[in-house]
Amino acid sequence: MEELRKKLIFALIFLIFVVAVGSAGYMVIEGWNCIDSLYMTIITIASVGYREVHDLSPNGRIFTIILIIGGVGSVAYTLTTVAKIVLEGEIKEIFGRKRLEKKIKELKNHYIVCGYGRMGKIICRELREKSIRFAVIEKKLDIPEERDDILILEGDATKDEILKEAGIEKAKGLISVLPTDAENLFVVLSARELNPNLFIVARAGEEGSEQKLIRAGADRVVSPYHIGGLRIAHTVLKPAVVDFIEFATKSGNIDLQMEEITIQDASALAGQTLDECGIGRDLGIIVVAIKKTSGDMQFNPTYKTAIKTGDTLIALGEISKLKALEDMAITKK
């Protein structure tokens, strides 16, 4: 498409050059005024067949023949380039839309991100880092080229038909980070009705909106201003702690990562203590906490703590070792 744009610019410049040379030629050879010369040039290169403005001299006729050869070709080239751009753009849009719809229909257990602003882009980047499938809903894209990077639908996320188009019935979770609390509230209400089992996380901007979003059906509500304020305060009061947390949770860090790993039904780890399974001894992984199926969080578990099916281990360690632990969490006995 970019190549066609360059060709169109070249064609327009060449066409303007031909018109300028043709007009100047008639003014010099025939002595006509500017309007008559321009008119004669236009009807000549357009091949409309109108009569000559004035009788042509022999030199004028020779010039007209040359102008027809060069001018008609330039007009044809320009029109062809314009037609290619129009047709290619329309075809690309049609096939691109069909391809997008097909990919979204194939999604299952995916996440839907409503809003592709500053927060939405960060969320999408993190999801991509973890190879988690997702689709985005955004009203209007400022950078159309970003469509190629992610599955993104242009539309209003507060409307049920757009949520359905994004595959909300088959989705695992939804993240709503739209600009206003009212929009996020509408999204949460619609999403909860369309998929009662959906895990919903919503952004809250104003104080007091958290409870409204939770009552509407959100499982988690995040207030960026509250979190940002705490982060700044902790950076001043506990800089080493903040540095460690940032280091352990930063995407792409190969030295250390913090992950949550759920113990599956048939895992060999189920029923063993932390000491018996050798997570710390063999893998060098630190289990910071264990989240029980009831939702209770057990911090700093001892080596005698038993691991049960459904427990979620909050583990700290190297990526390769964490991957080995994930495999152990689903390996059959």
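Buried means under 20% relative accessible area, exposed over 50%, and partly exposed in between, with a 1.4 Å probe and protein chains only. This tour concerns a predicted model, in which local features need pLDDT of at least 70 and side-chain atom pairs count only at pLDDT 80 or more, while totals for chains, interfaces and linings use all residues. Residues are numbered from 1 along each chain as its sequence is written, and side-chain values use heavy atoms, with hydrogens and water left out.

**First stop: helix H4**

Select residues 118–129, which make up helix H4. Helices (H or I, at least four residues) and strands (E, at least two) are DSSP runs, numbered from the N terminus. H4 has 12 residues and reaches 17 Å from its first C-alpha to its last, close to the 16 Å expected at 1.5 Å a residue; the expected span is 1.5 Å times one less than the number of residues.

Which residues of H4 are buried? They are Gly-120, Ile-123, Cys-124 and Leu-127. These residues cover an arc of only 100° around the axis, which puts them on the same side of H4; the arc is that of the directions from the helix axis to the C-beta atoms. Next, display strand S1 (111–114), strand S2 (134–138) and strand S4 (173–176), which are among the elements covering the buried residues of H4. Contact here means heavy atoms within 4.5 Å. Just after H4, select Ser-131, which takes a positive phi of about 60°.

**Second stop: the aromatic rings**

A search of the whole structure finds 2 aromatic pairs. Rings of Phe, Tyr and Trp (its six-membered ring) pair if their centres lie within 6.5 Å; planes under 30 degrees apart count as stacked, over 60 as edge-to-face and the rest as tilted. Select Tyr-26 and Trp-32, a stacked pair with 5.3 Å centre to centre and 10° between the planes.

Tyr-26, Trp-32 and Phe-63 form one aromatic cluster. Tyr-26 is buried at 1% relative accessibility, Trp-32 is buried at 9%, and Phe-63 is buried with a relative accessible area of 16%.

Ile-29 is partly exposed, at 35% relative accessibility. Leaving aside residues up to four places away in sequence, Ile-29 touches Ser-57, Asn-59, Gly-60 and Phe-63. The C-alpha atoms of Ile-29 and Phe-63 are separated by 8.6 Å, although the two residues are 34 apart along the chain.

Two strands pair if DSSP finds at least two bridges between them.

Lys-291 stands opposite Thr-312 in S10.
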